[in-house]
Amino acid sequence: MSLSTRLAAADTLYQMVEHGRSLNDLIPANLEKLDIDQHPFYQQLVYGATRYYFALDEIASLLLEKPIKEKERLVHMLLLVGVYQLWKLEVADHAALNETVQAAVDSKKQWAKPLLNATLRRFQREKEQITADLRRRDSFPGWLNKRLRKAYPDHWQDICQQSNQLGPMTLRVNQRHHTRDAWLALADEQGLECQATEYSPVGIHLAAPAPVFALPGFEQGQISVQDEAAQMCATLLNVQDGEKVLDACAAPGGKTGHLLESANIDLIALDVDERRLTRVEENLSRIGLAATLTACDAGDLAQWWNGEAFDAVLLDAPCSGTGVIRRHPDIKLLRKSADITALAKVQKNLLEKLWSTVKPGGRLLYATCSILPDENSDQVVQFLANHADAELLALNLKTDVACEAGVQWLPRSEGHDGFYFALLHKKATEQ
Ligand SMILES: C[S@@+](CC[C@H](N)C(=O)[O-])C[C@H]1O[C@@H](n2cnc3c(N)ncnc32)[C@H](O)[C@@H]1O
């Protein structure tokens, strides 16, 4: 008998919540254990129950007379998976109920059968009242909700709502092969519905997600999957033929590929994570372009820098990922408030160290997929105050929120992820 989809989903939630493992790590291993026709439903359950975890957990506490014992957390997760189906999915109620209860039996938790039956049936009957005034309706952790309210008093509710929507599948056309219009024409011939992105000159939003191998030219590296905001990094850095460029935090290599597609440059790509750096290699090999790859701490210049300064540096800094929660909902569960302070320290150090590798007259793009000011504008304001040779260049990008330095994008349901950009120019002579 194949593994129950619902049980696999509950186990994934359990591993994530109790052992802090990411969905990127858990999902591929579980897919291997499931029949191929179960894959879409498993992913729908896992992503959805993660997205609404905090609200589902609140519902479970309203339904249960007493909490399920700590050692039986898997059953608690099954309950959340059951509630999620009844609340948010179009699955027939009887299938959601029976199959979730059966999953408990399959996992040798016979004792949980009456409990799951009773609580899920009660939710089915009282769904409207129970969900009407949930405290955690937006399903964000308290610490993040508090930070968002403080940073965006007029936008935090919209941010939470947008972060709970699926983002579009967005592609980047490799301009070495096609213009965007030429690829759109190819897509049209194949009946793929898509449209040009608003900001990135090489971006395309698909009307509906498609398997990558169904995209014309994917295997030949003519097209890559990349959010529009991420595409803006190479666009804003605007590298030119012959320039010496650094991509300091490169893995898995989305922006490395885009930089190489943009011009004939001499590119060094670094990442501290050796395993992730192999993904850069794979990605570059698909598009048929090359960079010098080194696994090292970019902030430890002695480890990798020969002293030759760069025309352009991309610092796509490690960050909280709070701008991409719609694509990685586990961020809501895995990140903690203390991480923000720790990440801000790492970002500050990288910015400080990498600035010395920029040529006078050169530029550095500081970018993150975070929407928290501590990681973004606060960093850049502080940096500018301490570096007389740095000036901020204006970026011609529309945005919903004012920001003291740089441009902060918030996630937009039909458009780009949440992202931050600050383009710093190094004055030719120090003052
Ligand atoms: C936001 S991700 C980069 C995404 C990448 N630029 C892309 O477009 O695919 C941040 C990366 O920074 C790397 N990183 C973290 N600390 C680093 C350090 N001190 N030096 C170099 N890389 C670092 C992480 O391993 C992670 O791969």
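Which helix gives the most residues to the lining of the second largest pocket? I will come to that after a few words on the model.

This is a predicted model, in which local features need pLDDT of at least 70 and side-chain atom pairs count only at pLDDT 80 or more, while totals for chains, interfaces and linings use all residues. Residues are numbered from 1 along each chain as its sequence is written, and side-chain values use heavy atoms, with hydrogens and water left out.

Now the pocket. Here a pocket is an open set of points on a 1 Å grid over the protein atoms alone, with protein on both sides within 12 Å along at least five of seven lines, and lining residues have an atom within 4 Å of a point. Volume means the space filled by probe spheres set on the points, which are joined across faces, edges and corners. The second largest pocket has a volume of about 280 Å³. Its lining holds 15 residues, and Arg135, Arg136, Arg137, Asp138 and Phe140 lie nearest the centre. Helices H5 (73-88), H8 (142-151) and H9 (156-163) each give two or more residues to this lining. Helices are DSSP runs of H or I, at least four residues long, and strands are runs of E, at least two, numbered from the N terminus. The answer to my opening question is H8, with 3 residues. By class, the lining has 4 nonpolar, 5 polar and 6 charged residues. Ala, Val, Leu, Ile, Met, Phe, Trp, Tyr, Cys and Pro count as nonpolar, Asp, Glu, Lys and Arg as charged, and the others, Gly among them, as polar.

Serine 139 sits in the loop between helix H7 (112-132) and H8. Serine 139 is not a glycine, yet its phi is positive, about 60°. Most residues other than glycine have a negative phi, and most peptide bonds are trans. Alanine 251 and proline 252 are joined by a cis peptide bond, with omega about 5°. Proline 252 belongs to the loop between strand E5 (244-247) and helix H12 (254-262).

Next, the ligand. It is surrounded by 19 residues, the closest being Lys255, Asp271, Arg276, Ala298 and Asp316; a residue counts if one of its heavy atoms lies within 4 Å. That shell divides into 11 nonpolar, 2 polar and 6 charged residues. A backbone N or O atom of glycine 253 is 3.0 Å from one, and a polar side-chain atom of lysine 255 is 2.9 Å from one. For a side-chain N or O atom of aspartate 271, the distance is 2.6 Å. On its own the ligand has 610 Å² of accessible area, and the protein covers 85% of that, by the Shrake-Rupley method with a 1.4 Å probe.

A cavity is a set of grid points where a 1.4 Å probe fits but cannot get out. There is 1 cavity of 30 Å³ or more. About 50 Å³ of space lies in the largest cavity, and Lys348, Leu351, Glu352, Gln379, Gln382, Phe383 and Asn386 line it. Helices H16 (337-355) and H17 (377-386) each give two or more residues to that lining. H17 gives the most, with 4.

Terms used. Polar contact = N/O pair within 3.5 Å; in protein donor to acceptor, adjacent residues only side chain to side chain.
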